[in-house]
Each structure stands twice: as structure tokens, then as C-alpha cells.
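Here is a walk through one structure, taken a region at a time. Keep the coordinates open and follow along.

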Amino acid sequence: MSSGLTRCLVYISALTSILLMGGCNLDTRMSTFVTKGPVAETQYDLFMLTVWVTLGIFIAVGGAFAFAIIKFRERPNDDRPMPSQGHGNPLVEIGLIGVSILLLVIIAVPTLKGIWYTHDTPEDPESFMGSWYEGEELAEEESEKPLIVKVIGYQWWWAFEYPQLGITTANEMVIPAGKVVHLELRSFDVIHSFWLPRIAGKVDLIPGRTNSMWIQAGDNFRRWKGKQGVANPMEDSPALRADYANYLEEEIHNYYYGQCAEYCGDSHARMLFRATVVDDGEFAEWVIDERTGHGTPDGKSWDDWYAAYDNNPESLTGDLNDGLKVFMGRGKCATCHVVKGNPRALGVAGPNLTNVGSRMSIAAGWLNHRSEEDGSIDLEKQYDNFYKWINETDVVKPGNRMWKAGGGGIGELIDENGELALLTDDEIHKLSLYLQSLK
Amino acid sequence: MSQTETEILTPSTIPSTETHVLKPERSQLGFMRPDHSRSVIMDWLTTVDHKKIGIMYGAIALFFLLVGGVEALIIRTQLAIPENDLISAQRYNQLFTMHGTTMIFLAIMPLNAAFFNFLVPLQIGARDVAFPRINSFSLWAFVAGAIVINFGWVLQALQVMGLFEAGGPTAGMTDLAPAMGWFGYAPLTGTNFTGAGTDFWIMGLQILGIASLSAAMNFVVTIVNMRAPGMKMMRMPVFTWMTLVVSLLIVFAFPAITIALGQLMFDRCFGTNFFVVAGGGQPILWQHLFWIFGHPEVYILVLPAMGIISEILPVFSKKPLFGYSIVVFSGAVIGFLGFAVWSHHMFTTGLGKVATAAFSLLTMAIAVPTGVKIFNWVGTLWGGRVRFSAPMIFSLGFVWMFMMGGFSGIMHSSAPADAQQQDSYFVIAHFHYVAIGGIFLAVVAGIYFWLPKMIGKMWKGKLSTWVAIFSTVGLNVTFFPMHFLGLLGMPRRTHTYLEGFGWETYNLVCTIGAYILAFGILLLVIDIIRCFRNGEPAGNDPWDARTLEWATTSPPQVYNFAKTPIIPARDALWEDKYGPENRKITHEDDHGHGIHMPSQSWMPFIAALGFIPVGLGMSLMQAGIPYMGYVAIFGLLVLGFGIALWAIEGPGGYHMHPEVDAA
């Protein structure tokens, strides 16, 4: 009965694993199984190698173990002689140790290769800014470098700076398809970890030091040709180029999900981020958009708008103007947030809000408004999300600094009598409309 | 039952012909020693008997196992569905922090300590451990640490009931329970990120460290010095060997965490800058110090489990352990290599290529001695006669489940693959297969094996089979899907998650599994209670076992062996029962000297009690509560006072003359 029990347990575990593997989809938003880049692919290949090796060991050792349990079990009225009281066999031991070492070498050699490959940002001429970036002229020395993105972790959001391009965004990074991107990882407060599973495994952001990693969404031309079976790596033709462009368009251009992977305090679970992978043209357009920033809601120059705001704010009418007034005034948003273009919105304590209306999510990826059908923004949901975030930011992200910043947060706003006076529904409504218009 | 005659040992009365039966004596301080007290409570508080201390370790550890289990169930319930708001983010973070801390330091380590205490002197034929009063001190220091570390829960409960409020002098009391993860990565442990809970955690862990260190040194000395004649090192039971290795690991590993915790305490209480970035400190230093302790700690937890399995498999296969010397040696190699793999917990921190490669290869290397043990366990069964008694069922389950945990460990050793697994649910799956599938099943096997020896009663009925079924099925249903969860991108330590990432089904299955596992543990508790209440007398050797502890009575007398045995061979009892004439156990003649028993003492208890005001006082002082520094100083005085009186009260001791040799 009891050996039956052991077997029963084995069957149950096997059955569970089959059910789980067969019944569930492995192509999910943050899957490490379906990879979209050479780093994650290398990591996945190594993982599968370890899976096959250990599966082999499992079958061999587990088989011997199960066999021994069944074969040598005590039977009723067992009249076999007492088992021999031997203490083992050195040759068997040494043999098994030898085999184990051999099996580990099978893992060790590709592991070493993988460590070296995934560690150093490769010198890939096709990824140098000069060879693909279609925007404004770059400094000479930058054209020989890949795109650099500085990732800075905060409790609980992400800043993405593009030093070569002079732009900063938050929580949703944009990167070109098929190009090496070099990331410099730093943290403002505690340790965070940058994890974009389909493109690359994680590297930590540690205060007081700069870590680096490289990511690449999709293969470059050369690696792709290798996978297509093109024998000569130098081969190039318009037809191949078109096929490659098609591969990037079909398989790589997408919206990728990432998340902080190192516990970083109260709202660690709500520190997500996104990466939008675009083609070279779209990337250049995005950079121009980010650099240009925003004008005033009614098309005035900022000087004129502020002249009116300072002297006669009543003259600025309409929901968007009202929203901007809350942004600059009662809401104190501009103390912590940058909106490119707006000469008085220069605070850097919070996420950069330039083009926040074009992002598919807010609150570091927690509140989403990307429609699943066509990847466009669901405006109704976007409005609701902005409203919710401003209205109850402490519920959406407990412990965050926008709510309580020691006298400066929107959960601590006071009126002229010193009474607590949170933003009114109308103010939040208009502020949400204004933020939605930043695109 | 043996007739016992007791003789008090005083400087003036050696030897004495006078017969004293269980009569206490005055210590050199002039106080009555608490020996032979009729008060049960006083007897247990002051005991120096390794068996009673072991049983207390076991009972307290089982209590905390249930506490940690309830914490885990709340965690799993919260995660059953996406965007659940059963508990707040902060409460969740406190729960996983305390779940980890409780299970490691307050459940598994003391469970291991329970076995060390109860078994090691019996297995080596000794009367007690080398330093019985230090043993008592270790136990009570452990209890003090457990109280300090859990004090935040008490305050939090009072707060919920409205009996405690953070205001006025206690305004600084935020974050009452620790919430920075059981490995407390700096700078999250800094004063600007977490509150009082962190201080309770630091002080509690520091006290637990002192308890572990003093216990470990005691066992090293005991095993090296107190073996019965003929019990050569290579004749020792493997469990005793593993105790020795683990004790050495504790002696070498705990100083690292002691230093790290000391630095952290200085950072928090006195404004130093070891880990404060703004002051030029290095948060990464904490990780190195912590894991230099933390990885050996993993082996501190698992080697005793391996020792237990190496005792049980031979008994129920009727064969000696296959490759005894290689099993012992591989245990020592694991202990040694355990100090050289700490950075595999830090593959994603940017160690650089060479360090990553080195730690990757060393981590693979440690798989070899671990594999050797599994081969030898299979070899032990091979050609044996396998009986499926309860301890054996759990041991066989251990080998399967531990193997699974080992395989995911090999997967982690490949650093680039680990970049995807680190800090995801894959890691959670890995170490729970090791911790529950490995250590927990082994401990349960050990309980089923040795409890009849400890209490003298035999298990009743077959409930053990259901315990095995529910705990093994529950374990697999809970943790197998977590491999997939991790590889599908779910990070650990997240109090909730969004819909649409493909994690919903897995999480629900995991939660169901957790309840199945919990039911299995409930059955275990019921079975233990049934054994205590209804068990039939076990007899000295109910399993037809092989090692020396089964040669004495169940439960063993306070003096363990009426006469010191002389050990002619490994597997001493087996040889005594079935071996040739020249391998029978013989006994030393004590020439009427009797057995020298240690006196009981209040002092270890009093000294350890001092840790509570030290721990709480330091923590509350950091929170800004007035006069708490004086409380800490008072605690130190109590500690010093206890140790001083302990030193001058004199060792005492008395002689016993068991007339009938129970063995």
C-alpha cells in the first residue's frame, strides 16, 4: 500500500505538471519563454539546457530510486536472507562523481559564454546612433555609440533619460527595434531591479553606484540572417532588407511589460514600467515630440499665458485652462513635475509629464488604458485613470510621496485659513482633462 | 524502571555513604539550587538536562512553525485573485518578512536544535552536553530573541484593539512589525525608509545569533570531547556528524551577520554611515555580509535534515548507510563550499564578469557533494529490505522533493539564466522545495522516528499516511506552479498583481495547494497529540534501529546510560544485536563512583531574560521613546548579573547510582 502511495504521489506531480504545461499559455506579457531579443534568448537557451540536463539526471536517479523502492521492498513473510551489511563501493562512488562533474561541464561552458555575451554591450556598427538615427544632427562622438538610456529608480516609479537626445520620460520607455541599447542603471533611494523579461533578464539599480546592461528588442540584421539560414553573413540585398524590416514590423514592434523585481517598500508591487519598441522613423518622431513639448491650451505663447495667469486668471477660461491653473496653482503639480515647454513646470521630484497623455498607462504602469484590440488609447479609461490617480493616489499607491510629502503633498493641501482642503471634484475633473491633453 | 539512588556532591562529602534522595543543596552563593524541585514549572525553567531542553526547543519551534504557517496562509489568500484587497500592502510586506524570519530562525533552526539536543549526547553515549548551563542559556536566549522579534505584532495587535496609539512620546513608533524582507537589504532598513519594526528585527536577530553561537560551540565541544570510549569520529552516527558540521558552520557564519547587524544598529541608533549612501556608505556591503552568513545558513538548515535521512534510510532498509565515509565527507565539503557561493544570491547586482563566472562555477560545484548524498541514499536502499513505516515514507518523500529543489538550484547556478529567475516566483518555488520538500519532510520523518524515544510512547494508527499524502500533494500543488509563475514574470514580494499577465490560474492553484498543505500539518499536530495521549509504551528499540540512542530506555533516564558504553563499531546497536561476539557493546565499570550529574540553575534563565529589556529598550530608544536607553542598560546589567552569579555559584553536581542497567 505504501509503495503504491509513493508512486501515487509521483503520478500526481507528473499529472499536475502536464496539466500546467499543456493547459496554460506561455506566451504572456512578461513571459521568459517567448523571447524577443538576443539577451533574453541567450538566457532562455541556457535555462532550457539546464532543464534538459536535470531532466536527464531526474530520469536516471529517480528511475534508480523508484526501482530500488519497488524491487527491494519488504514482502509479507519475507524469508530472504538479511541484506549484506556492506558499506559501499568506492568505484561506484567515483564513477558517479565523475559523471556528475561531466554533466555540470555541459552546463558550465555555455554558461561562461553566456555571462560574457550578456555582460558587455556589443560593438555593433548597425546599432551605432549614426547609422540609424534619423532625427537632428548628433554630436560627432555620439554617432559611434549605441543609444544610451539612463534608468533611475524611485519609490515607486521609473525615470528614463536619453542623454544623447536631451530628453527625459517616465515609466514608459521607447526604444528602436533591432538596435543595441545601453542602459545605465541608478537609484534615487533604495534598491530596485530593472526587469523586462521578454527582452532581457534583470539587473539591480543600487543607490550610490551605476550598473549597466544592454538590451536589444529583436535581432539585428546579421543575427537574423543567421537564423534565416543565409550562409554568408555579409550578404545584403534589398529583398533581404525588406524581409528583415517585415520581421521587425511583425514580430518585434510591440508594447512590452516590465516590473521592478527587487522589493523596494510599500508599493513595490505597483512599480511597473513599459517599453514601446518602434521603428527608426517613429523613434525620431517621438524624440521630436518629446523635445518640443507643449504649448498653452489656447494657443497663446507661454509668456502671454503667464501674464494673464499672474494678473487676471479669470480671463483664462475653458476646461483645459482651468486644469492648467490647478496644475500651476492649487494642485502645486509644477513643484514636482516637468512639462516640457511650460517654463514654470520644472520640478524634478516626480515623473516627467511631457506627453503623459500619449502614454498607455499612468501611476508606473498600474493604471492602464491601452485597448487590447488595436493598441490605441481608450480615452474614457484614460480619463478615469487620471481622475482616480489624483483623487486617491494614496489608495492606488500606498506610501507614495505625491500624497504625503511632509507638508507638500496633495493629501495635505490647505486653504488660506490653514484648514485641510483637498482638491475638489471639479478641480480634479479639469486637471484630468488637462493631463489627457498633454500629447 | 531502574531504582535510583542519589548522592549530593559537595566539597566536603566525597565520597559519602549517606543516602540522599532528590534533596537539593546550597550553591556557593548560599541559595538553594533548584535541583529535584517538585514544582514542574521551576524544574523546566532551570533544567540543564539536554533532553528537556531539546523537547522545549521542539515545542516552541512547532508553535512558531504554526505561526509562520498562518502568516503564509494569509499571504496566499491575498494572492488568490488579482488586485485583491484582503490586506494592505504594508501588512502583506510585514507578513512575508515575518514568515521568512519566523520559519528560518524560529521554526527550522530550533527544530534542528531540538534534535541536536535530544539526540547527540545519546548517540555518542554521553551523560549530557559539555556545558549544560550554557545549553539552558541558549534555549532561553532563543526565547528572548523570539519575543523581541515578534514584539511588533503584539504592539500592532494592541493598536488594532485601540490599546496602543503612536502619539506623544510614542510618536516615532511607525511600521511596528518589520517589513523589509527577511534579508533586510540596505538601504531599505535605513531610518528614513522603515520604522520600529526594523529595530525589533535587528535586536531580535542579534539575540538569536548569540543563542545559536553559544549552542553551536557547546555542540562542537560535546562531540569532540564527550564521546563514549570507542566512539571514534568515523564511528559516529551521520546525524551527529552533520551536527558537528552545522555547529562549525554556525561558529564561522554567524559572526558575519553579527557584525552586519551591529553596523546596522549603529546606523539606526547612533547615526553611523555603514550603509547610508548619503554618508558614503555602501548598501551592497550589507548584501555581501548578509549572504556570507546567509548561504552557510542554508546548509545550517539542510544538513541536519540530510543527517536525519541518513539515519532513517539504513534502519528501514536493514542495511548500513551506503558509502558512510563519502556521505560524511560530502557533508563537510558542502559546509566548506557553502562559504564560497554567497554571491550567487547577488548575480543581478552587477558583480562583473569574473566574479559572476566564479560564483556560477562554484555553485555548480556544490551540486556534486549534494548529488553524492542522493546517490548514496539510493545505494542504501539497493539490495536492502525496504519497510514502509511512517519515518521511511517521509524520508523517501524527502529524497524526491529535495531532488526537485536541487534541480532548480542547478538552474540558478547558470548566472545568465538566473537573471530571469532571481527575485521571481521561480526562486520561491526552488527554496520551498528545499525547505518544505527537503527540511520539513525530514523533520517530520525525524519526529515520527524519534518521538517514541523522546516520550516513550508509540504512534497509534496510520494517520501518518494521510499526513504524508496531504503534505506532499499540498507542497507540490503549491510550489510546482510557482516555477511557471516566475518564468512568466511574476516578481516575488508583490502584495498584488494586475489581471492579464497570465498569472491568475497559477496563483489560484497555489493558494489551494497551500490549504492542502496546511491541512496536512494540522493532521500532523493531531497525530502528535494522539501519540502523547494514547500511545502504547514504545520499548527501547521499536524500529529495530542501528545507533546507540536506541540502546537505552524510552524515554531515556536523566543520566542517559546507567553505565558508559564502550563502542566497538559503527552502527553500534545493530552490531550488538546481530553482529559477531567481538562487536557487542560492553560497559565501563565506574568503580562505584556513580554518574556525575550537573546541578540545575536559575542563572542561565536570568541572564537570558536580560536580553528582553536590551532588545526592546534599544528598539524603543531608536523610536524616540524617553528613558528606553536606561531600560537597555538595565537589561545589560541583568545579563551581566546573571552571568556573574552563574560564574560564582559553583558548578555543583551530584552523583547517581542507577542499580539496574536499563540497557
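Start with Cys336(A), which is partly exposed because its relative accessible area is 32%. This is a predicted model, and every value below is computed from it.

A disulfide is a covalent bond between the sulfur atoms of two cysteines. How many disulfides are there over all chains? The count comes to zero. Cys336(A) is in no disulfide, and the nearest cysteine sulfur, in Cys333(A), is 8.8 Å away. Cys260(A) is also worth a look. The closest cysteine sulfur to that of Cys260(A) belongs to Cys264(A), at 3.9 Å. The cut-off is 2.5 Å, so that distance is too far for a bond. Is Cys260(A) buried or exposed? It is buried, because its relative accessible area is 0%.

Next comes confidence. Chain B has an average pLDDT of 92, and 96% of its residues score at least 70. Residues 1-21 of chain B are another matter: the pLDDT there is below 50. Beyond near neighbours in sequence, that stretch has 39 contacts in the model.

Now turn to the aromatic rings. Over all chains, the structure holds 81 aromatic pairs. One of them joins Phe394(B) and Tyr448(B). Their ring centres are 5.3 Å apart and their planes meet at 10°, so this pair is stacked. What does the pair of Phe394(B) and Tyr448(B) tie together? Phe394(B) lies in helix α10 (residues 390-413) of chain B, while Tyr448(B) lies in helix α12 (residues 425-455) of chain B. The pair therefore ties together parts that are 54 residues apart in sequence. Both Phe394(B) and Tyr448(B) are buried.

Phe449(B) and Trp450(B) form another ring pair. Here the centres are 4.9 Å apart and the planes stand at 65°, so the pair is edge-to-face. Phe449(B) counts as buried because its relative accessibility is 1%. Trp450(B) is buried too, with a relative accessible area of 0%.

Ring pairs also build a cluster in chain B. Among its members are Phe105(B), Trp182(B), Phe183(B), Tyr185(B), Phe254(B) and Trp291(B).

Two rings carry a charged side chain over the face. Lys52(B) lies over the face of Trp44(B), 5.5 Å from the ring centre. Arg546(B) lies over the face of Trp574(B), at 4.1 Å from the ring centre.

Now look at where the chains meet. In chain B, 105 residues are in contact with 101 residues of chain A. The area buried between chain B and chain A is about 8,900 Å². Carbon and sulfur atoms give 73% of that area. Which three residues supply more than any other three of the area that chain B buries against chain A? They are Arg385(B), Trp400(B) and Gln420(B), which supply 9%.

Arg492(B) also reaches across to chain A. It sits in the loop between α13 (463-487) and α14 (504-534) of chain B. Arg492(B) is buried, with a relative accessible area of 8%. Leaving aside neighbours within four places in sequence, its contacts include His268(A). Others, including Phe183(B), Asp423(B), Tyr425(B) and Phe431(B), are in chain B.

Move to Val143(B), in helix α4 (residues 132-160) of chain B. Val143(B) counts as buried because its relative accessibility is 18%. Its C-alpha atom is separated by 9.8 Å from that of Gly204(B), 61 residues apart along the chain.

Finish with the backbone. Most residues other than glycine have a negative phi, and most peptide bonds are trans. The peptide bond from Gln155(A) to Trp156(A) is cis, with omega near -5°. Trp156(A) lies in the loop between β1 (147-154) and β2 (157-162) of chain A. A cis peptide bond also joins Ser554(B) and Pro555(B), where omega is about -10°. Pro555(B) has its place in the loop between β3 (536-537) and β4 (565-566) of chain B.

Lys332(A) has phi near 55°, and its place is in the loop between α9 (319-328) and β11 (361-362). Lys332(A) counts as partly exposed, at 35% relative accessibility. Ala364(A) has phi near 50° and sits in the loop between β11 and β12 (367-368) of chain A. Ala364(A) counts as buried, at 1% relative accessibility.

Notes. Residues are numbered from 1 along each chain as its sequence is written. Chains are lettered from A and ligands numbered from 1 in the order in which they are written. This is a predicted model: local features need pLDDT of at least 70, side-chain atom pairs count only at pLDDT 80 or more; totals for chains, interfaces and linings use all residues. Side-chain values use heavy atoms; hydrogens and water are left out. pLDDT is the predictor's confidence in each residue, from 0 to 100. Contact means heavy atoms within 4.5 Å. Buried means under 20% relative accessible area, exposed over 50%, partly exposed in between (1.4 Å probe, protein chains only). Rings of Phe, Tyr and Trp (its six-membered ring) pair if their centres lie within 6.5 Å; planes under 30 degrees apart count as stacked, over 60 as edge-to-face and the rest as tilted. Helices (H or I, at least four residues) and strands (E, at least two) are DSSP runs, numbered from the N terminus. A charge sits over a ring if NZ of Lys or CZ of Arg is within 6 Å of the ring centre and within 35 degrees of the ring normal. Buried area is the accessible area (1.4 Å probe) that two parts lose on being put together, summed over both.
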